[in-house]
Amino acid sequence: MTATASPLPPQQQLSGWAVLLLGAVLLAEAFVCVAVLVSVWTPLTTLTAERAPTGDPAVWTVLGLGPWHLTSNTAMLLAVLAASGLGSFVHAATSFATYAGNRQLLPSWLPWYLLRTAIGAALALLIYFLLRGGLFANGTDGTATNPYGFAGIAGLCGLFSKQATDKLREVFDTILTTRDGAGDDEREDKIQPTAPTSPPGTNGTSGTAGSTGSTGPAAPAAPGAPAAQAAPVIPVQASAAPDAG
């Protein structure tokens, strides 16, 4: 008899202290990003001005730490990372407030919220390198760049990191597609996802004699015959993604 899909056990929503702790972590990330962006902006605009002195680094301090000496390229990288962190915070905080307010915040989505800033920063950094390498000549220093434009692009990368990665994957899957039988189809030792099987007594039978639907003990397999394999069970978790709202 074909096994039926059994849903995963329901998850309890995050406790009150866990929700407060996650909210505090998100606010701390936003505070650090704002502090870095505000503190680095004056040295950055000074270094990227039209008549800025070349070769002279600027002094930078943040939250009482430092001082450090920054070049125009280093200051631009810090601004890109901070702006992308702010965009990621807007994305994660909006979802967090929606699901926490509706009491639908589940523990399984904690990594999603904790990794938003890192994902947005990595994506913004890659886009920044792509723009700098494709739109400017080799050897161009940071004085020929517009910090406002790059910071805005970095913020959008953090805000729409999920949509951007999904679209990039779709584009590259289309451009770099391989013919049938090539690529991954040739690798026979790939790791295949294994669905959990139902415990005894749940594959369409009650497991007790005299209950409705019971078919009795299964007949033993003939010697040398291959053992019958139960159909894989696909678990179903009734939970939407945090960014679905």
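These legends describe close-up views of a predicted model.

**View 1. Helix α2 packs against helix α4.** Helix α2 spans residues 72-101, and helix α4 spans residues 147-159. Their axes lie 6 Å apart, at an angle of about 35 degrees. The crossing of α2 and α4 is right-handed. From α2, the contact draws on Met76, Val80, Ala83, Ser84, Gly87, Ser88, Val90 and His91. From α4, Pro147, Phe150, Ala151, Ala154, Gly155, Gly158 and Leu159 take part. Nine residues of this contact are nonpolar and six are polar.

**View 2. Trp41 pairs with Tyr148.** The whole structure holds six aromatic pairs. In the pair of Trp41 and Tyr148, the ring centres are 5.0 Å apart and the planes stand at 75 degrees, so the pair is edge-to-face. Trp41 belongs to helix α1 (residues 16-47) and Tyr148 to helix α4, so the pair ties together parts that are 107 residues apart in sequence. Tyr148 is exposed, with 56% relative accessibility.

**View 3. Tyr128 pairs with Phe150.** This aromatic pair is also edge-to-face. The distance is 5.1 Å centre to centre, with 80 degrees between the planes. Tyr128 sits in helix α3 (residues 110-135) and Phe150 in helix α4, so the pair ties together parts that are 22 residues apart in sequence. Tyr128 and Phe150 are both buried. Phe150 also takes part in the contact of α2 with α4.

**View 4. Phe96, Trp112 and Tyr113 form a cluster.** Ring pairs link these three residues. Arg116 lies over the face of Trp112. The distance from Arg116 to the ring centre is 4.8 Å.

Methods
Residues numbered from 1 in each chain as written. Predicted model: local features only at pLDDT ≥ 70, side-chain atom pairs only at ≥ 80, totals over all residues. Heavy atoms only, no water. Axes fitted to C-alpha atoms, helices over the stretch in contact; angles between N-to-C directions. Helix = DSSP H or I, 4+ residues; strand = E, 2+ residues; numbered from the N terminus. Left-handed = near helix turned anticlockwise from the far one by under 90°. Contact = heavy atoms within 4.5 Å. Nonpolar A, V, L, I, M, F, W, Y, C, P; charged D, E, K, R; others polar. Phe/Tyr/Trp six-rings, centres within 6.5 Å; stacked < 30°, edge-to-face > 60°. Buried < 20%, exposed > 50% of the residue type's maximum accessible area, 1.4 Å probe, protein only. Lys NZ or Arg CZ within 6 Å of the ring centre and 35° of its normal.
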